[in-house]
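Please look over the predicted model shown below.

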Amino acid sequence: MYRVVADRFYASLTAIGRTGQFVSDFMRSLRDVRVWAGLTAIQMRKIGVQSLPIALFIAVFTGMVLALLASYTLTGAVPIYFVGTMVGKAIMIELAPVLVGLALAGRIGANIAAELGTMRVTEQVDALETLAYDPQSYLVVPRVLAATLMFPVVVALSMGVGIISGWLTALGLLDLSTVEFVKGLRLFYEFKDVWYGLVKSMSFGFVVALIGCIRGLNAEGGAEGVGRTTMRAVVMGSQAILVLDAFWAVVLL
Amino acid sequence: MIVFNDVYKSFGPKKVLQGYSLEIPDGQTTVVIGYSGTGKSVALKHVVGLLDPDAGEVVVDEQVVHELDRDGLVELRSKIGFVFQFAALFDSMTVRENIALGLKRQEVPQREIDERTHESLALVDMEGSEDRYPIELSGGMRKRVGIARAIALRPRYLLYDEPTSGLDPVTSAVINGVMVRAREKLGVTGLVVTHDMNSAYAIGDRIAMLYKGMIRQVGTVDQIQRTHDPIVRQFIEGRPEGANDAEGLNTQAVS
């Protein structure tokens with residue numbers, strides 16, 4: 001029993017140490033601008049542009065459901081224009097960053113872990129090193145930077161689409177006019193709502209990509225190992241998003 | 001010159017190299033033979049700093065590899081070509097891009113990259129395959145592209161990890177021919193690990209046998225063929241008697 005606890009404790013400390021070393025190597029690799037600059041642009045397209053369909057799909061249905069839920073909850077208690085308030089606040093502060101973040105943790109985290117994991121077990125990462133490239137500069141920095149920069153962009157667009165979806169739902173299915181919806185939307189609006197959501201999503205992008213890279217580059221054991229690595233990357237990325245969400249709520253709200 | 005000085009390496013409880021010492025003279029091809037899973041590839045990876053020894057040192061051109069910093073390793077690797085067992089081509093890139101990648105790192109001008117790509121592919125009889133992806137190539141073709149990628153860098157040293165494993169005898173002979181041609185045309189120092197004795201005799205100037213983590217015997221091809229060492233004799237003749245004792249052995253393979 002004690003042995004198991006001691007082994008787990010030791011393994012946790014080792015994992016923390018390795019993660020620290022990985023982040024330190026990442027920072028050091030930022031100086032290889034000529035290596036990562038062009039690759040980052042490619043990853044931004046892959047991570048950002050190609051993630052838009054799933055992100056906007058989530059935003060459309062979240063906005064719609066939120067408007068209906070707000071109407072169901074608030075009717076008879078407060079003026080109906082509070083539907084706009086609830087849709088705007090919930091989308092900007094929480095739902096767009098977290099729901100889109102979780103979806104992208106699956107899409108991006110799995111993609112990065114599987115790609116780098118396959119490269120690791122087929123010796124492509126070793127080959128890269130023998131060609132005098134640092135895998136951090138060539139593989140990690142472009143992915144982590146691209147995710148950190150593109151998550152907020154995708155989330156910002158999702159915020160807009162979610163609110164528009166809520167507005168159209170209010171117009172079409174609820175007894176609410178555009179003027180009333182906008183009045184509710186502006187009632188408790190603060191610019192902080194937007195940047196809070198975007199800062200959160202930036203941190204989500206950073207950890208999702210970082211976890212995908214760490215897991216992928218430490219993959220071992222062939223196809224089964226890559227599958228296990230990918231699953232762990234998605235689970236850990238999702239957990240990290242929820243923990244960070246709580247952290248930012250405590251720190252910034 | 002590459003020198004292994006009393007190198008020890010373990011993975012967990014498994015001891016792989018246990019006092020591995022070997023000198024690789026310049027201008028020659030040295031072949032390291034040994035049973036599968038005895039750590040031949042592990043030793044090779046120490047030369048380019050992909051692995052660090054637990055004890056001992058690997059010295060390349062009077063530089064201790066595991067003591068080099070990041071920039072030192074980049075410089076060292078720029079003069080060593082490494083051919084992987086399964087070629088390790090980048091599967092998202094074409095043959096041309098695979099070969100060009102290392103040259104771009106060395107900031108070779110684009111025109112020269114094109115020339116060297118063409119020359120390297122010609123040397124391994126793979127002209128015309130520049131725009132193909134690794135998935136479209138057979139195992140032997142991939143190995144040849146792997147060799148082309150390594151020699152395009154004009155390295156001083158070429159390291160081959162099991163260059164003929166998994167290939168039919170004819171394709172193996174083609175790969176052997178490519179390796180001999182690469183040495184003759186480029187004058188590189190070669191270090192090859194293999195358990196294919198036909199290949200070892202065809203390409204080696206010297207042969208060393210790795211056994212139980214140490215070099216059991218080293219000599220010219222002729223000396224190895226006439227050896228009286230029972231372990232080496234058994235291996236080069238491929239006799240199965242007492243193979244488990246001879247291997248030493250290895251319930252878990254080491255790449």
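## Architecture of chain A

What pattern does chain A follow when read along the sequence? The pattern is α-α-α-α-α-α-α-α-α, in keeping with a count of nine helices and zero strands for chain A.

The C-alpha trace of chain A spans about 65 × 50 × 30 Å along its principal axes, and 47% of the 253 residues of this chain count as buried. Among the contacts in chain A that link residues at least 6 apart in sequence, 89% join residues at least 24 apart.

## The largest nonpolar core

The largest nonpolar core holds 138 residues, and those with the most contacts inside it are A:Val83, A:Cys213 and B:Leu159. Helix H4 of chain A, residues 82–121, supplies the largest share of this core, with 20 residues.

When residues up to four places away in sequence are left out, B:Leu159 touches B:Leu44, B:Val47, B:Ile80, B:Phe82, B:Val83 and B:Leu191.

## Two positive phi values

Most residues other than glycine have a negative phi. A:Ala132, however, has a phi near 75°, and this residue is found in the loop between helix H5 (124–130) and helix H6 (135–173) of chain A. A:Ala132 counts as buried because 20 other C-beta atoms lie within 10 Å.

In chain B, a positive phi near 50° is found at B:Lys212, which lies in the loop between strand S9 (206–211) and strand S10 (214–220). B:Lys212 has 19 C-beta neighbours inside 10 Å and therefore counts as partly exposed, since a buried residue needs 20 or more.

Methods: Residues numbered from 1 in each chain as written. Chains lettered and ligands numbered in written order. Predicted model: local features only at pLDDT ≥ 70, side-chain atom pairs only at ≥ 80, totals over all residues. Core = buried A, V, L, I, M, F, W, Y, C linked by C-beta atoms within 7 Å. Buried ≥ 20, exposed ≤ 12 C-beta atoms within 10 Å, placed from the backbone. Helix = DSSP H or I, 4+ residues; strand = E, 2+ residues; numbered from the N terminus. Contact = placed C-beta atoms within 7 Å.
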